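Thanks, everyone. I'd like to walk you through some strand pairing today. Please bring the structure up.

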Amino acid sequence: MAKFAIDLKSGDIKNEAELIVGIDLGTTNSLVAYIKNGQAEAVKGKNGKSTLVPSVVHFSPEGKIVVGDAAKEKLISDPENTIYSVKRLMGKSYGDVQGVQQYFGYQIIDNDTESLVKIRVKDKFYTPIELSAEILKALKNRIEEELDRVVSKAVITVPAYFNDSQRQATRDAGKLAGLDVLRIVNEPTAASLAYGIGLDQSESHTIAVYDLGGGTFDISILRIQDGVFEVLATNGDTFLGGDDFDRAIVDYWTAENKLDSTQINADKELSQALRLQAEKAKKALSSESEYRGEVNTISCQITREQFDELIQPLVDRTIACCQNALKDAQVQLADIDRVIMVGGSTRVPLVRESVGQTFGQEVYDKVNPDEVVALGAAIQADILAGNQKDILLLDVTPLSLGIETVGGLMDIILPRNSKIPTRVGRRYTTSVDGQRNLKIAVYQGERDLIQHNRKLGEFILKGIPPMPAGLPKVEIQFILNADGILKVKAEELRSNVEQEIEVKPTYGISEEEMALMLIDSIQNAADDMTVRALLEARNEANNIVLSAERFLGQNQEILNEEEIATTRSLTQALRDAVAGTDKDAINQAMETLNTYTAPLAHRAMDFALLEAMKGKQI
Ligand code: AMP
């Protein structure tokens, strides 16, 4: 269907090309960008000052919602009604944020630890999705004012490690803001696009994207080949950034002036003034060698050398993350042919030097590090609008996805680092005769037991026609779309009974937990293997016990008393072994029972055959 826009003043039909905007929805700042005369450009506000919109939402006493610079000004004077860093809460449960709650100046509420967090402002409750939607609305207004037209389609960026729940939450926030979110794009992918990397399909690159913002650090290793972007690995620290540099400077001044830090911390206004002064000093030191200032007669002096010394340990931590990411990506330093700098804190000379030294090359820092992600998002949007053909973006899943199988084992269907979009199917069957329903529980994680992984959702495939155990053919498909949202589909192939869910996880995983899950899976690999072996032996043994019982029930007439008694006692011995924890004992008992019953089973088969032939003759 064609759509026409009519210019209300002239009555002319405007023939506007489709416009899709790129949005960087950041923890500290957000931006909107679009392609103007073939170039990506971030949009400034009405005052024309900055392209950055602080990701802060303030609720005024009259109930008005204010976003951006005006809201940021309220952070100190009205902290309870001023919400910042909401990105950290996207797709998270209360349980996820409990440990870090003191980090937030506002109230995070939920009695149910498994449900998503809400934020209390006066007597109202808001979800992180609603609050993010307010930021997105402000960005939408900003570009609509700039272009004097309605904007309803967007590409929004998210960190590469965002899980399904966090991506879904971002998409929902867009919807709530009146935006059709055509694509969720990884931030490092957007940053590469801003440098034009990947646009030429004949080239292939392995690149590192180093992103140091105000409060978070991310490193991503990407491989770009045939216009396909693949995230090989991500690493980082969710509580490391420019704010820590500021804090280090404040601590330095406190010590230099022999002040009492507890007293300073107790004085909210003074500590805030010092913090702002420290940020000013830090920014100045990005281009000068010394800073001199004063706060309430406290002398605030620092040289570049002193500053470098203060932040060296923090920078070293980011370098360690880079090394881990390289290891995870299974690439050598020499394989990295571009290093892209993202985030305001990469303006610090020591950061640029250390990263350059680590990777043995000059870093890419020509594009404004605050805008690079939004600009890349605008380029991606332009590709989607059909203006740049033949470019495909491909990412990988950060954690394995699978389902629960008998005994609480995790059966991985999509291994971690699988490329997406993707579709994988696997066949399962029932374990009980006449089973009509099959529960499909979907998990995310690296451990062998589902109890150590995170549940994303479950559903029941109902109405399987009654059949003996093992006969139904249930195909389970995992379909992961380009945004990393998972659809799980189950179908019994004999009867075509089918059921599917789109996994909107009941609660998300924090980045710290995600890292922990990976580390855990490595540290517990040996234990997990032992447990898996035991559980697998038990599952197999239980099946054998079931078939032995069925065999005894169906073949009484061809077995003598001794055979029946021995089969019974060997079955019981197997049951006893299953009750224990010695997998070798279980395997041994299985083998004894199998060896004993094999000739009996042959006899039963011959007998059945004979009966069948008799039947034919009649
Ligand atoms: P982002 O989260 O990417 O917006 O980065 C914000 C961080 O970058 C804050 O900690 C800022 O203080 C820091 N930043 C911005 N400009 C500079 C600069 N010129 N030198 C050092 N740090 C800066």
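**Strand pairing around β4**

β4 pairs with strand β5 (residues 39-42) in the antiparallel sense, over four bridges. A word on terms: strands are DSSP runs of E, at least two residues, numbered from the N terminus. Two strands pair if DSSP finds at least two bridges between them. This is a predicted model, where local features need pLDDT of at least 70, side-chain atom pairs count only at pLDDT 80 or more, and totals for chains, interfaces and linings use all residues. Residues are numbered from 1 along each chain as its sequence is written, and side-chain values use heavy atoms, with hydrogens and water left out.

Back to β4 and β5. I35 stands opposite A40 in β5. The two strands form a hairpin, with two residues between them. In that turn, N37 has a positive phi of about 50 degrees.

Now the β3 side. Strand β3 (residues 21-25) pairs with strand β4 (residues 29-36), antiparallel, over four bridges. I23 faces V32 in β4. Here a hairpin of three residues joins β3 to β4.

What else pairs with β4? Strand β6 (residues 53-54) does, in the antiparallel sense, over two bridges. P54 in β6 is the bridge partner of N29.

Next, a parallel case. Strand β15 (residues 205-212) runs parallel to β20, and five bridges join them. I207 stands opposite R338 in β20.

Is strand β20 (residues 338-342) mostly covered or mostly open? Mostly covered: four of its five residues are buried. Buried means under 20% relative accessible area, against over 50% for exposed and partly exposed in between, with a 1.4 Å probe and protein chains only.
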